[in-house]
Amino acid sequence: MKIAIIGTGYVGLPTGAGLAKLGHDVTCIDCDREKVEKLRAGQVTLFEEGLEDLLKSGLESGRLTFTDSMAQGVRGAQLILLAVGTPPDRRTGQADLRYLFGAVKEVAPFLPSEAVVAVKSTVPVGTGDEVEKRIRKTNPKARVEVISLPEFLREGYAVHDFFHPVRIVVGTQSQKARELIQELYAPLPNATRFLFVARRSSEAIKYASNAFLAVKIHYINEMADFCEAAGANIHEVAQGMGLDSRIGPAFLKPGPGYGGSCFPKDTKAIEHMARKLGVELSLIRAAIKGNKKRREHMAQRILKEVEDVPSPKIAVWGLAFKEGTDDCRESPAVEIVQCLASHHVDVCVYDPQAMTTARRILGDSVQYAPDMYSAALGADVLVILTEWPQFDAADWKRVANGLRSRHILDFRFFKKR
Ligand code: NAD
């Protein structure tokens with residue numbers, strides 16, 4: 001199948017490279033020319049386990065190409081996937097659709113007749129209707145179907161999740177579009193579960209899922225505070241809760257709060273949508289507020305640890321919002337570091353993959369260590385903020401020898417070191 005993907009970020013790139021591996025003919029389109037040049041040269045522009053090999057194999061096969069030209073990219077395509085960002089509006093929290101509608105405007109004149117346009121970006125309920133309207137207005141001759149095809153991959157596991165999706169939700173009433181999506185994923189294992197629903201339901205499934213997970217994280221974080229105050233062990237409590245199949249063990253790990261490019265923005269976006277519709281989403285509202293407070297609370301706990309130390313030095317392990325990625329968007333670790341730096345303490349940071357992305361946000365406000373042991377050298381307290389396995393497996397004797405005092409605040413693994 002000939003496919004065009006608009007947007008080669010954390011979703012578009014693994015999806016494009018994965019589809020090429022499945023045997024499709026994929027053109028990835030991005031307006032960032034520098035990114036396109038790098039990808040053409042086989043250089044990955046973001047970190048995901050296995051992505052570099054997948055990109056190289058796609059380029060070598062000739063089935064994966066990159067362009068910054070819409071006209072060239074969508075020529076002859078049967079399926080066009082929209083995978084551009086939908087960041088939150090800073091003021092209102094609603095999804096900012098300027099990139100999506102920008103891409104629609106640019107691509108509409110070149111859409112092949114009979115093509116299917118699938119919105120992979122996470123978009124407010126009803127956006128598919130608007131995309132369809134805008135395409136029809138610009139290009140009335142194109143008989144395109146606009147469908148919703150939300151993405152559920154987890155950053156850090158994007159390549160794995162592409163080849164082993166838990167579910168593929170397709171929002172359309174069109175039989176032709178349904179068959180096309182089934183054909184698209186036909187090379188995947190037979191167990192792949194498809195769910196065909198109305199377009200608006202599909203759009204809502206994505207938000208409802210992410211908001212649910214955010215609420216679950218917020219819940220276990222509040223429970224951690226409760227257990228600490230009540231003298232119970234949150235890990236034992238979480239284990240006990242997770243054994244109940246109605247609850248399940250996933251997302252029952254306390255930590256510095258949820259982050260990344262999805263949960264924070266999607267909770268705010270659905271809350272905004274609901275408010276406009278006159279519906280109260282009190283649980284989601286509480287999670288948004290509680291998650292913000294949690295980061296502040298963590299930063300205060302760290303500062304308290306060094307309040308009596310003259311010219312304290314704090315070492316931070318982990319900047320990415322989670323392990324397995326270099327993504328620092330809305331990372332609790334980065335926000336906590338920003339708070340520490342604003343209190344004029346000396347902060348030295350290390351992350352195995354996110355140093356470049358974090359530096360774009362933190363600039364010269366902190367020091368950057370070449371490895372985790374160097375970061376900890378001479379520190380009064382070591383803080384672990386991202387769950388990279390190499391942190392858990394550190395040589396703790398070496399760490400202890402390097403630290404000025406043996407204070408470790410482990411907000412991820414919660415182990416005695
Ligand atoms: P991203 O910011 O990493 O990538 C977006 C890409 O789109 C960028 O490379 C940008 O240059 C490009 N772009 C923007 N406007 C364009 C245009 N007019 N023409 C061509 N390219 C254009 O975003 P992302 O993290 O991949 O997220 C994309 C969408 O997928 C969002 O709606 C997000 O909510 C959703 N989503 C993300 C994840 C995730 O884990 N990141 C998971 C599920 C869903």
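Predicted model: local features only at pLDDT ≥ 70, side-chain atom pairs only at ≥ 80, totals over all residues.

Reader: Okay, how is the chain divided?
Author: The chain is split into domain 1 (2-197), domain 2 (207-291) and domain 3 (306-410).

Reader: And the ligand, which residues come nearest?
Author: There are 27 residues around the ligand, and D30, K35, T86, E155 and K265 come nearest.

Reader: Which domains does the shell around the ligand draw on?
Author: Domain 1 (2-197) and domain 2 (207-291) each give at least three residues to that shell.

Reader: What kinds of residues are in the shell?
Author: The shell around the ligand has 11 nonpolar, eight polar and eight charged residues.

Reader: Back to D30. What does its side chain lie close to, in numbers?
Author: One polar atom in the D30 side chain is 2.6 Å from an oxygen atom of the ligand. For T86, an N or O atom of the side chain also lies 2.6 Å from an oxygen atom of the ligand.

Reader: Which residue has a side chain 3.4 Å from a nitrogen atom of the ligand?
Author: That is E106, through an N or O atom of its side chain.

Reader: How much of the ligand does the protein bury?
Author: The ligand taken alone exposes 830 Å², and the protein buries 89% of that.

Reader: New topic. How far apart are the centres of domain 1 and domain 2?
Author: Taken over C-alpha atoms, the two centres are 29 Å apart. The contact involves 14 residues of domain 1 and 10 residues of domain 2.

Reader: How much area is buried there?
Author: About 860 Å² is buried between domain 1 and domain 2, and carbon and sulfur atoms give 58% of this area.

Reader: Which three residues of domain 1 supply more of it than any other three?
Author: G93, Q94 and T122 do, with 39% of the area that domain 1 buries against domain 2.

Reader: How many salt bridges between the two domains?
Author: Zero salt bridges are counted between domain 1 and domain 2. Three residue pairs are in polar contact across that interface.

Reader: And what sorts of residues are on the domain 1 side?
Author: The side of domain 1 that touches domain 2 has seven nonpolar, five polar and two charged residues.

Methods: Residues numbered from 1 in each chain as written. Heavy atoms only, no water. Near = heavy atom within 4 Å. Polar contact = N/O pair within 3.5 Å; in protein donor to acceptor, adjacent residues only side chain to side chain. Areas by Shrake-Rupley, 256 points an atom, 1.4 Å probe, with all protein chains shown as cover. Nonpolar A, V, L, I, M, F, W, Y, C, P; charged D, E, K, R; others polar. Domains from an automatic or database assignment. Contact = heavy atoms within 4.5 Å. Buried area = accessible area lost by both parts, 1.4 Å probe. Salt bridge = Lys/Arg side-chain N within 4 Å of Asp/Glu carboxyl O.
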